Amino acid sequence: MNIPSEHIELALKLWNYHKIDKPFDQADLIIGLGSYDLKTAMHCAELLKRGVAPLLIFTGSKGNWTNGKWDKSEAEVFRDCAIEYGANPEQILIEPDSTNIGENLAFAKKALKDHDIKSTLIVTKPNTLRRAIATAEIQWPEIEHSADCVNVEMENQVVDGHCLEDLINEMVGDIQRIVEYPKKGFQSEQYMPEDIKQAYQNLIDLGYDKHIMM
């Protein structure tokens, strides 16, 4: 699909809003959120090799975007990818049962209950960073959280099986979740400027509503 430049401009507003990477230089734990994007696993491997944290946990079963993509859970696929990129398998745990960001964080917390974790570095797609931090503040509020992602521009976030149109739909749906989930106690409240609200509504009006909750 050839996406008009006006749509791209609106989508970039959402991209920049979602992308709030503010990583700690050091943390007790790296949490790699499973998804369709293996760049996250590679970035986790690099962080682990650099000694940013002594331990890494990958989380995720299968979600909206990975059903049928692999014959393993997202966590297992990410672990295998990280090891291929040189990460020490003895430093990697997996949590292969979670199916959304809330479960990613809650199940990771449960898996690490016997470890002395005071800070995490959550690594995910650039367009999922804000939701990840907002979720961590509810699911694991007693410790400090930061966020990081691979450094990539929006149009280079496209991966096999997930085109730019899919990405825009995903970002629109995540704006809706940022608005609605605090009301359900799933995420912390996030400030949203008026221009982001307007871009969100404009994109829905343009038909980017495939990830909207009904």
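Predicted model: local features only at pLDDT ≥ 70, side-chain atom pairs only at ≥ 80, totals over all residues.
1. Thr-59 itself is buried.

2. Now take strand E2 as a whole. E2 covers residues 56-59. Both of its faces are covered. Leu-56 and Phe-58 are buried on one side, and Ile-57 and Thr-59 are buried on the other.

3. E2 has pairing partners on record here in E1 and E3. E1, residues 29-33, runs parallel to E2 and is joined to it by 4 bridges. E3, residues 92-95, also pairs with E2 in the parallel sense, over 4 bridges. Leu-56 has Ile-92 as its bridge partner in E3. Strands of a sheet pair through backbone hydrogen bonds, either parallel or antiparallel.

4. These strands belong to an open sheet. The sheet has 5 strands in the order E3-E2-E1-E4-E5, with parallel pairing. E3 and E5 (144-148) are the edge strands, and each pairs on one side only. Neighbouring strands are turned by 25° against each other on average, direction ignored.

5. Helix H3, residues 74-84, packs on the sheet. H3 touches E1, E2 and E3. The direction of H3 makes about 160° with that of E3.

6. Follow the chain through E1, H2 and E2. Together they make a right-handed β-α-β unit. H2 spans residues 39-49. Gly-51 follows H2, and its phi is positive, near 80°.

7. Which residues of H2 are buried? They are Thr-40, Ala-41, His-43, Cys-44, Ala-45, Leu-47 and Leu-48. An α-helix has 3.6 residues a turn, so residues three or four places apart point the same way. The buried residues of H2 pack against E1, E2, H3, E3, E4 (119-123) and E5.

8. Helix H1, residues 5-18, packs with H7, residues 194-205. Their axes are 9 Å apart, at an angle of about 130°. H1 is therefore oblique to H7. The crossing of H1 past H7 is left-handed. On the H1 side, the contact is made by His-7, Leu-10, Ala-11, Lys-13, Leu-14 and Tyr-17. On the H7 side, Asp-195, Ile-196, Ala-199, Tyr-200, Asn-202 and Leu-203 take part.

9. H1 also packs with H6, at an angle of about 55° and with the axes 10 Å apart. H1 is therefore oblique to H6. This crossing of H1 and H6 is left-handed. H1 contributes Ile-8, Ala-11, Leu-14, Trp-15, Tyr-17 and His-18 to the contact. H6 contributes Leu-164, Leu-167, Ile-168, Met-171, Val-172, Asp-174, Ile-175 and Ile-178.

10. Where is Glu-155 placed? Glu-155 sits in the loop between E5 and H6 (164-184). Leaving aside neighbours within four places in sequence, Glu-155 is in contact with Ile-8 and Leu-164. Ile-8 of H1 and Leu-164 of H6 also take part in the contact between those helices.

Key. Residues numbered from 1 in each chain as written. Heavy atoms only, no water. Buried < 20%, exposed > 50% of the residue type's maximum accessible area, 1.4 Å probe, protein only. Helix = DSSP H or I, 4+ residues; strand = E, 2+ residues; numbered from the N terminus. Pairing = 2+ DSSP bridges. Right-handed = clockwise from strand over helix to strand, strands pointing away. Axes fitted to C-alpha atoms, helices over the stretch in contact; angles between N-to-C directions. Parallel < 35°, antiparallel > 145°, perpendicular 65-115°, else oblique. Left-handed = near helix turned anticlockwise from the far one by under 90°. Contact = heavy atoms within 4.5 Å.
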